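Colleague: Can we go through the aromatic contacts in this one? Start with the rule you use.

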Amino acid sequence: MAEFLRLNPQFKGIGFTSQRTRDRMIKRLVEQGIKNTQVLDALSYLPRHLFLDEALAHRAYEDTALPIGLGQTLSQPYIVARMTELLLEIEPKKVLEIGTGSGFQAAVLGCLVPEVWSVERLDPLLEKARHRIKNLALKNIKLHHADGNFGLEREAPFDAILVTAAPKEVPPSLFQQLAEGGRLIVPLGDEQQMLSVFDKQDGKMIQTDVAAVRFVPLLPGAQK
Ligand code: SAH
C-alpha cells in the first residue's frame with residue numbers, strides 16, 4: 001500500500017467522502033465475500049469520489065455502478081474488488097487494463113501491482129483519468145489512448161489482463177499478449193454477460209466462469 005495515501009489529508013475527505021463512509025463500504029464488501037486484505041486496504045484508502053464528476057461524488061461509496069460521461073460507467077465497488085482479487089491470485093508484476101474509464105480500477109491496481117498499463121478508446125475520458133492519477137502520484141500507472149481490442153503489443157507480454165468492457169468473444173490479441181501462466185479476466189457476452197477467467201497454461205487457455213455481470217460493450221476503434 002502506498003504510504004502517501006494514508007498520510008495525505010486531501011484523501012481523507014469530509015462528510016459523505018469521509019473515512020467513515022469508506023469504512024461502511026469496506027464492511028459491506030467483507031459481507032459480500034471479499035477477503036483479500038490488500039484489496040480492501042486499497043479500496044479503503046483510495047478517494048473514489050475524486051474519480052466522479054462533482055454532482056455524483058456524494059454517491060461514490062454506494063454499492064452501485066455510476067455514470068462517468070459519454071455513456072460509460074464506473075463499476076460498483078464489489079465488482080472492482082472481486083476482479084482485483086481474482087487478478088492478485090497469480091501475483092502479477094505487470095498488468096494491462098482495457099477500458100480506463102474514470103481511472104479508478106487502474107488506481108486500485110496501481111496500489112497493488114508494480115507496473116500497470118491501461119488503455120482507453122475515448123480521449124476525453126482518458127485525459128480526465130490522467131489528471132486524477134497524476135494528482136494521486138501513482139507513478140507506476142501508464143495510460144494510453146488505443147483500441148483495446150488489440151491489447152498493447154509493444155508492452156506485451158502481461159502477467160494479467162483485466163478487461164472492463166464486454167466483448168462478445170475474447171479478442172485474439174489478448175490471448176497472445178498474455179504471458180505463460182498469466183490470467184485474463186473478462187466479462188463476455190452481449191445482454192447476458194459472464195465474468196470469465198482464462199488461465200494460460202502450456203499455451204492453452206483454460207476458462208472458468210465466475211459470475212453474471214453487466215458491463216458496457218467493448219467497442220471497435222479509438223476515438224478523439
Ligand atoms: N475501468 C473503468 C470503467 C470502465 S467503463 C473505471 O474504473 O472507471 C468501460 C470503458 O471501456 C469505457 O471508458 C469505454 O470507453 C472503454 N472501452 C470500450 N471499448 C474500448 C476499446 N475497444 N478499447 C479501449 N477502451 C474501450
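Modeller: Rings of Phe, Tyr and Trp (its six-membered ring) pair if their centres lie within 6.5 Å; planes under 30 degrees apart count as stacked, over 60 as edge-to-face and the rest as tilted. This is a predicted model, where local features need pLDDT of at least 70, side-chain atom pairs count only at pLDDT 80 or more, and totals for chains, interfaces and linings use all residues. Residues are numbered from 1 along each chain as its sequence is written, and side-chain values use heavy atoms, with hydrogens and water left out.

Colleague: How many aromatic pairs by this rule?

Modeller: Two. Phe51 and Phe104 have ring centres 5.4 Å apart and planes at 75 degrees, so that pair is edge-to-face.

Colleague: Are Phe51 and Phe104 buried or exposed?

Modeller: Both are buried (under 20% relative accessible area; exposed is over 50%, partly exposed in between, with a 1.4 Å probe and protein chains only).

Colleague: And how are the rings of Phe175 and Phe198 arranged?

Modeller: Their centres are 5.3 Å apart and their planes at 70 degrees, so this pair is edge-to-face. Phe175 sits in helix H7 (residues 172-176) and Phe198 in strand S8, 23 residues apart; helices (H or I, at least four residues) and strands (E, at least two) are DSSP runs, numbered from the N terminus. Phe198 is buried at 6% relative accessibility, while Phe175 is partly exposed at 23%.
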